[in-house]
Amino acid sequence: MTPLKIYRVGGAVRDRLLGLAAGDQDWVVVGSTPEAMLARGFVAVGQDFPVFLHPHSHEEYALARTERKSGLGYRGFVCHASPEVTLEDDLARRDLTVNAMAEDDQGRLIDPWGGERDLHERLLRHVGPAFAEDPVRILRLARFAARFSDFRIAPETMQLCRQMVDAGEVDALVPERVWQELSRGLMTAKPSRMFEVLRDCGALKRLLPEVDQLFGVAQRADYHPEIDTGVHVLMVLDMAAQLGASLGVRLACLCHDLGKGTTPADVLPRHTGHEGRSAALLQPLLKGLRVPTELIQLADLVAREHGNIHRSTELSPEAVVRLLGRCDAWRRPERFAETLLACECDARGRGGDFSRQDYPQRRTLGQALALLQSLDQAAIVAEARARGAEGPAIARALDQARAAALSQAAAPHPPKV
């Protein structure tokens, strides 16, 4: 058989030039056909265009292809793959110049669109006018801006994104694709930049109007030196990244204050009751994006309870027990730990000195839960039943025992003689 013309392409080439650890390898095959690939033992996996798994490494190999716009959205394309499609043709359809480079089997760089130069200049620039044909590229641009936060976006690329938004291209995106890109952007080192880019080109208002509405909404300056609620949310997101939070925690940070966007103007800068409004807003938003249920549940819990958790050092033992119960901390201690982390990000994601302050609530509530989990629950239930308690009365007996244990732990201990 004639040897295949194979090239490493895309992010693997970019990251090598940046000195970053190698991630997934993407390969393009030039001058071949699906039949020839199958004859070599490759396994076809692509639905919309010819992609194959290597018979040994199981990495993805795609035939070089071109794309032609046939409708709105990212699915409105007709793909063409044939032996006549060149490597340059394939690279021309890619989004950004830094992602449109290739290497041959000798490690030689093929860079027809100036990607290496743009890497040196720390510039994110679209390859050509075909960028405007796929609205997912707006999300990808924003995600790359968050990942490579020291890169600037070419003015002409940002202007093209604005034109795409104005043309309604973003409105044709399917929820699953939006969530896929948002979730990846949330996990970058500076997730705030993704939302800044989306807002700058107008896409945030179309995709996440509840988040976009937070910008320009005032908060009390004594609690929030940054004042602007949208700015605060982005600071909370970056604090979550700084603390190495999970995707669920970062999503909860994004959504925890959505209700502040609906506060009546005549009561600003106070936001009484925003917790419940936030929970009500995030449910349809996240369900519409097809976000996994467990992530929605965490975001809902953080939205509803973050104010109470912030005030937990002032609560009575009985109120702390009720708070832990509402958080289902007895059955879901791992989720409660993530809730506390999100609340710390909220408390520290503010201007002034707040970012450097301790957050004792996370520590004390974690210790309280550990203490209460150590109680002999079976013995407490048996004693209650011996007194004739049943049903709700047993639950009250458990809570009373828990509150008593917290009170005893908080009481000053007499010095040893």
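**Cavity and strand pairing**

The largest cavity has a volume of about 40 Å³. The model is predicted, and it holds 1 cavity of 30 Å³ or more. Its lining consists of 10 nonpolar residues, with no polar and no charged ones. Elsewhere in the chain, strand β5 pairs with β2 in the parallel sense and with β4 in the antiparallel sense.

**Cavity lining**

- The residues that line the largest cavity are W179, L182, L186, F195, L208, L251, L254, L285, L286 and L289.
- Three helices each supply at least two residues of this lining: α7 (175-186), α12 (247-255) and α13 (274-288).
- The most is given by α7, which contributes 3 residues to the lining of the largest cavity.

**Strand β5 and its partners**

- Strand β2 (residues 26-30) runs parallel to strand β5 (residues 60-63), and 3 bridges join the two.
- Within the pairing of β2 and β5, W27 is placed opposite Y61 of β5.
- Strand β4 (residues 51-53) is paired with β5 over 3 bridges in the antiparallel sense.
- On the β4 side, V51 lies opposite A62 of β5.

**Hairpin of β4 and β5**

- Between the strands of the hairpin formed by β4 and β5 there are 6 residues.
- In this hairpin, H58 adopts a positive phi near 65°.

Key. Residues are numbered from 1 along each chain as its sequence is written. This is a predicted model: local features need pLDDT of at least 70, side-chain atom pairs count only at pLDDT 80 or more; totals for chains, interfaces and linings use all residues. Side-chain values use heavy atoms; hydrogens and water are left out. On a 1 Å grid over the protein atoms alone, a cavity is a set of points where a 1.4 Å probe fits but cannot get out, and a pocket is an open set with protein on both sides within 12 Å along at least five of seven lines; lining residues have an atom within 4 Å of a point. Grid points are joined across faces, edges and corners, and a volume is the space filled by probe spheres set on the points. Helices (H or I, at least four residues) and strands (E, at least two) are DSSP runs, numbered from the N terminus. Ala, Val, Leu, Ile, Met, Phe, Trp, Tyr, Cys and Pro count as nonpolar, Asp, Glu, Lys and Arg as charged, and the others, Gly among them, as polar. Two strands pair if DSSP finds at least two bridges between them.
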